[in-house]
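Subject: Structure handover

Hello,

Here is the structure for you to look over. My notes on it follow below.

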Amino acid sequence: MAGAAVEAVAGRLNHLLRSRLGPATTRFLGDVLVYQRHRAKIHARVREAIDAVDPALGRGPDRPVRVVAHSLGGVVAVNMATASAPLWTSSLLTFGSQAAFFHVCDPRGGQLAPYAGGQGVTLPPSLSRWTNLWEPLNMLAFAASTVFRLHDGSTPVDVSLPHSASDGLWTHSAY
């Protein structure tokens, strides 16, 4: 009897986890894999969109852009701002971003050294200011100040935005 009860509860929990977490996890991981494979094309498309507004925007320190980015968009923004031919960014606002996590796991090159612990990786002057909003219950959000330092020696500003516990694992979409 006890075995049947445990099996029934475990079966419902398994179904709940797979039906709720499975599709979202697959979409996120799929986006990450697409970005990894087509990074240059995605960066070119972002550059085209900026050029459509003004071809001089982001090309140098005299015409930087301001960027607001969620989740993987924050990774794209940091990668573009720190690339060998960077997107000059005067201020970056990220929320729910994995830029720090991905840099620790797989340094992206460009102007950034790999993370070695301690002082953090110094960002180039092409990324002047960074405010990173993150939610402690969000498994897809990471603090940037533990991994990065701005060119002037300061850290990116991490702002913790706690939600009520009722949002649980879905906080990533609740910013």
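Serine 71 has a relative accessibility of 7%, under the 20% cut-off, so this residue counts as buried. Please keep in mind that the model is predicted. Serine 71 sits in the loop between strand E1 (65-70) and helix H3 (72-81). Its phi is near 55 degrees, a positive value in a residue other than glycine.

Overall layout

The chain has four helices and six strands. Read from the N terminus, the order of elements is α-α-β-α-β-α-β-β-β-β. There are 175 residues in the chain, and 35% of them are buried. Taking contacts between residues at least 6 apart in sequence, 69% join residues at least 24 apart. The chain has an accessible surface of about 9,900 Å², with 62% of that area belonging to carbon and sulfur atoms.

Helix H3

How many of the ten residues of H3 are buried? Nine of them are, so the helix is largely enclosed by the rest of the structure. The buried residues are Leu72, Gly74, Val75, Val76, Ala77, Val78, Asn79, Met80 and Ala81.

Glycine 74, in H3, counts as buried because its relative accessibility is 0%. Leaving out residues up to four places away in sequence, glycine 74 touches Ala69, Thr94, Ser97 and Ala99. The C-alpha atoms of glycine 74 and leucine 93 are 8.1 Å apart, while the two residues are 19 residues apart in sequence.

Alanine 77 also belongs to H3. At 10% relative accessibility, alanine 77 counts as buried too. With residues up to four places away in sequence again left out, alanine 77 touches Val67, Ala69 and Leu92. Alanine 77 and valine 67 are ten residues apart in sequence, and their C-alpha atoms are 7.3 Å apart.

In soluble globular proteins, nonpolar side chains tend to be buried together. The largest nonpolar core here has 28 residues, and the members that touch the most other members are Leu92, Leu123, Trp130 and Phe148. Helix H1 (2-37), E1, H3 and H4 are the elements that give two or more residues to this core. H3 provides the largest share of this core, seven residues.

Cavity

The structure holds one cavity of 30 Å³ or more. The volume of the largest cavity is about 50 Å³. Which residues line the largest cavity? They are Val75, Val78, Asn79, Ala99, Phe102, His103, Arg108, Leu112 and Phe148. Sorted by class, this lining has six nonpolar, two polar and one charged residues. H3 and helix H4 (99-105) each supply at least two residues of the lining.

Ala69 is touched by glycine 74 and by alanine 77.

Regards

Definitions and conventions
Residues numbered from 1 in each chain as written. Predicted model: local features only at pLDDT ≥ 70, side-chain atom pairs only at ≥ 80, totals over all residues. Heavy atoms only, no water. Buried < 20%, exposed > 50% of the residue type's maximum accessible area, 1.4 Å probe, protein only. Contact = heavy atoms within 4.5 Å. Areas by Shrake-Rupley, 256 points an atom, 1.4 Å probe, with all protein chains shown as cover. 1 Å grid on protein atoms, 1.4 Å probe; cavity = no way out; pocket = protein on both sides within 12 Å on 5 of 7 lines; lining within 4 Å. Points joined across faces, edges and corners; volume = space filled by probe spheres on them. Nonpolar A, V, L, I, M, F, W, Y, C, P; charged D, E, K, R; others polar. Core = buried A, V, L, I, M, F, W, Y, C linked by side-chain atoms within 4.5 Å.
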